[in-house]
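Here is a short briefing for a first look at this chain. Keep the sequence and the 3D view open while you read.

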Amino acid sequence: MRSPGADGLTPPAAAAGAQARQYYNFSNAGCKTMHDLMQILNLVARGGLSPKEASAKLRFAPFEQLAEGVTIDQHRAMRTGLKETVFAQGKSPAQLVAALKGVASPAGGPQNSPALATRVGPEQAELLLRTFPDGEYTPQAGLFTLNFPLNLKYPWPGKGEVMVITAGASDLRIGLEALGVAMFHGLSAGLAPDIGVCGIHRITPWLPILDEAKVLIVAAGMEGALPSVIAGLTRRPVLAVPVSVGYGVAAGGYAALLGMLSSCAPGVSVLNIDNGYGAAMFAARLLRGGD
């Protein structure tokens, strides 16, 4: 027989479970984050939640099917440490609205949480701002956020653990995408704009700041030489982003891509053409380790 609890009647596990349930105040929200999972497991361990109740909370959490074929991955943050982002390009108005609502306020989950959409065009932005008046749109970066003010207006931050560098002002749309995504994911980020190889002396004043950073994201079009130069001048890892800017044989960013892949400077990793988002997410994984 199990010994009684402090009240002489309640078994110790049940008494501890009741205290645990009160302490964690776990609702019927399901399991959306690693913190939620640990709460559920602690409640089961203390007797405050039966295995059957726990399985019900875990069973329906991995995804949520919404309108127009949109399926939200509600366990992505738990698996990777980085929540799902809505890629707006190619989505219908109904799909885009449903996806943002699903990320920001999932059924049975936390409501009004931060949500991010990338590659948002002007017409899509008009729709989103009508639907979500409190949202924020950054046209040059193509980013739309809910419940998270990015404030990517000039002047931009000039230093951070992630430094985004653009070769030219024409590369700023990709640089600002990387800057905004990094900031959305809680990274300290800065921007060094328009310091490409055509005026290579412009890099010199930035070198002390670049050496203080932990990761450098370098966006360049045309021949794509800047990442090699930066990697040869600093001790930080370089994430090179080819940009679809340049005449003729620049070929929509392919010349920059091939140049970056052919870099003789060690410590350069190359992203896809115009993929500022991917560079920022790589930096987030590198610096946060999915925490």
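**Where to start**

Asp 274 sits in the loop between S11 and helix H11 (276-288). Helices (H or I, at least four residues) and strands (E, at least two) are DSSP runs, numbered from the N terminus. The model is predicted, so local features need pLDDT of at least 70, side-chain atom pairs count only at pLDDT 80 or more, and totals for chains, interfaces and linings use all residues. Residues are numbered from 1 along each chain as its sequence is written, and side-chain values use heavy atoms, with hydrogens and water left out.

**Backbone points to check**

- Phi of Asp 274 is near 65°, a positive value in a residue other than glycine.
- Asp 274 is buried, with a relative accessible area of 11%. Buried means under 20% relative accessible area, exposed means over 50%, and partly exposed lies in between (1.4 Å probe, protein chains only).
- Met 222 also has a positive phi, near 50°, and is a residue other than glycine.
- Met 222 belongs to the loop between S9 and H9. Met 222 is partly exposed, with a relative accessible area of 46%.
- The peptide bond from Tyr 154 to Pro 155 is cis, with omega near 0°. Pro 155 lies in the loop between S6 and S7.

**The chain as a whole**

- The secondary structure of the protein chain comes to 11 helices and 11 strands.
- The protein chain has 291 residues, and 46% of them count as buried.
- The protein chain exposes about 14,700 Å², and carbon and sulfur atoms supply 58% of it. Accessible areas come from the Shrake-Rupley method with a 1.4 Å probe; for residues, only the protein chains shown count as cover.
- Take the contacts in the protein chain between residues at least 6 apart in sequence: 63% join residues at least 24 apart. Contact means heavy atoms within 4.5 Å.

**The five-strand sheet**

- An open sheet of 5 strands runs in the order S8-S7-S9-S10-S11, with parallel pairing. Two strands pair if DSSP finds at least two bridges between them.
- Strand S8 (189-192) and strand S11 (268-270) stand at the edges. Each has a single partner strand, so one side of each is left without a neighbour in the sheet.
- The twist averages 25° from one strand to the next. Axes are lines fitted to C-alpha atoms, for helices over the stretch in contact, and angles run from 0 to 180 degrees between N-to-C directions.
- Helix H7 (residues 172-184) lies across S7, S8, S9 and S10 and runs at about 165° to S8.
- Helix H10 (residues 254-261) lies across S9, S10 and S11 and runs at about 155° to S10.

**Strand S9**

- Strand S9 (residues 215-220) is mostly covered, with 6 of its 6 residues buried.
- In a regular strand the side chains alternate between the two faces of the sheet.
- Val 215, Ile 217 and Ala 219 point one way from S9, while Leu 216, Val 218 and Ala 220 point the other way.
- Strand S7 (residues 162-166) pairs with S9 in the parallel sense over 5 bridges. Thr 166 stands opposite Ala 219 in S9.
- S9 also pairs with strand S10 (residues 238-242) in the parallel sense, over 5 bridges. The bridge partner of Val 218 in S10 is Ala 240.
- S9, helix H9 (residues 226-233) and S10 make a right-handed β-α-β unit. A crossover is right-handed if, with the strands pointing away from the viewer, the path from the first strand over the helix to the second runs clockwise.

**Helix H6**

- In helix H6 (residues 122-131), Gln 124, Ala 125, Leu 127 and Leu 128 are buried.
- Seen down the axis of H6, its buried residues fall within an arc of 160°, so they line one face of the helix. The arc is that of the directions from the helix axis to the C-beta atoms.
- The buried residues of H6 pack against H5, strand S5 (136-138) and strand S6 (143-146).
- Pro 122, Glu 123 and Arg 130 are exposed on the other side of H6.

**Around Pro 114**

- Pro 114 is in the loop between helix H5 (93-104) and strand S4 (115-118). Pro 114 is partly exposed, with a relative accessible area of 30%.
- Leaving aside its neighbours within four places in sequence, Pro 114 is in contact with residues including Lys 83, Val 103 and Phe 184.
- Pro 114 and Pro 149 are 35 residues apart along the chain, and their C-alpha atoms are separated by 9.2 Å.
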